[in-house]
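Work through the exercises below with the structure open. Try each task before reading its solution.

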Amino acid sequence: MEQNIPSRIIKKRGRLLESGKSNAYRLVHGAGDGFKGFHLDRLGDYLLASKEGKPDLAEEEIARGWMSRLKSRGVYLKQLQKHVRHSNKECSSPKIWLGNAGQSETTIVENGVHYQIRFDEGYSVGIFLDQRENRQRWLQQKVNSRFTLNIDALKSGDILNTFSYTCPFSVCIAKSGLRAVSLDLSRKYLDWGKKNFQLNELHPETHDFIYGDVFDWMRRFRNRGRIFSGIILDPPTFSKAPKSKKMFQAERDYPDLLNLALDIIEPGGVILACNNT
Ligand SMILES: C[S@@+](CC[C@H](N)C(=O)[O-])C[C@H]1O[C@@H](n2cnc3c(N)ncnc32)[C@H](O)[C@@H]1O
């Protein structure tokens, strides 16, 4: 089975496979690995394949190859959808494809930090693996060897994590000894975030979890004169707050978001601005 994985792919993933600090990362990077439109992630004891439509034989073979090599329990399949917001949770959740379905909840480790993931909560399982290096930057308070965040020298010491989702960035912030303020308009995701804190023996009650719209809250912080030493902007491409008539569209609204962040960042503070369009 393992011979189904081209050696060039094993070589490219070598550092991650050998690090021993993570069991969650991408194994097959679509066209970059010669499998256009097909992605395969390791998520702890399981693998998650993503594809628009049905995987072909070569894709099944590489998935079986990785499953055997990593002794994974099963491979879930997520059908990529262009209009995910129109489908319900059950339809959009990944389904077991190869091997055995286990419990729908499992724990992964990334750079020594634990996160809960769920295969039955819709399209996203609770973490976006492509932010691994940015999460590590907060964990180590270091952008690169020449640029440390030097947050200790700043006044507020609080880091605002907007669109916090299940709070993976906040967990890294808290692990590094700083205070995380997580802001999201889903109570369910904020509660999931608190579980992620507990999984890492962090105390959620010593951090802030704020339910509400990012724009409303950032204006409120500005009006109250509240400042932050760091701000994370990692919004979805589009979203709609309940009760609000306005839709957030990253392409159109990012300048407003960034301007609000500039109003509440303290001098010398750090803004991480990510764009998912
Ligand atoms: C793609 S995720 C963000 C990813 C996240 N930053 C991370 O670290 O993985 C989208 C999140 O943004 C939240 N969200 C969307 N629109 C929002 C808004 N206007 N105000 C607050 N949260 C919002 C959603 O509830 C969801 O948890």
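Buried area is the accessible area, taken with a 1.4 Å probe, that two parts lose on being put together, summed over both. The model used here is predicted.

**Exercise 1.** Describe the area buried between domain 1 and domain 2.

Solution. 
- Step 1: Domain 1 covers 2–118 and domain 2 covers 129–273.
- Step 2: Domain 1 brings 18 residues to the contact, and domain 2 brings 16 residues.
- Step 3: give the area. About 1,500 Å² is buried between domain 1 and domain 2, with 56% coming from carbon and sulfur atoms.
- Step 4: Over C-alpha atoms, the centres of domain 1 and domain 2 lie 28 Å apart.

**Exercise 2.** Find the salt bridge across the interface of domain 1 and domain 2.

Solution. 
- Step 1: apply the cut-off. A side-chain nitrogen of Lys or Arg must lie within 4 Å of a carboxyl oxygen of Asp or Glu.
- Step 2: count. The rule finds one salt bridge across this interface.
- Step 3: check a pair. Arginine 135 and glutamate 110 form a salt bridge through their side chains, at 2.8 Å from N to O.
- Step 4: Four residue pairs are in polar contact between domain 1 and domain 2.

**Exercise 3.** Which residues are closest to the ligand?

Solution. 
- Step 1: take the shell. Of 14 surrounding residues, the closest are Phe163, Asp184, Asp213, Val214 and Ser239.
- Step 2: sort the shell. Eight residues are nonpolar, three polar and three charged.
- Step 3: pair the atoms. A polar side-chain atom of aspartate 184 is 2.6 Å from a ligand oxygen. An N or O atom in the side chain of serine 239 lies 2.6 Å from a ligand nitrogen.

Technical notes
Residues are numbered from 1 along each chain as its sequence is written. This is a predicted model: local features need pLDDT of at least 70, side-chain atom pairs count only at pLDDT 80 or more; totals for chains, interfaces and linings use all residues. Side-chain values use heavy atoms; hydrogens and water are left out. A residue is near a molecule or strand if one of its heavy atoms lies within 4 Å of it. A polar contact is a pair of N or O atoms within 3.5 Å; within protein, one must be able to donate a hydrogen and the other to accept it, and residues adjacent in sequence count only if both atoms are side-chain atoms. Ala, Val, Leu, Ile, Met, Phe, Trp, Tyr, Cys and Pro count as nonpolar, Asp, Glu, Lys and Arg as charged, and the others, Gly among them, as polar. Domain bounds come from an automatic or database domain assignment. Contact means heavy atoms within 4.5 Å.
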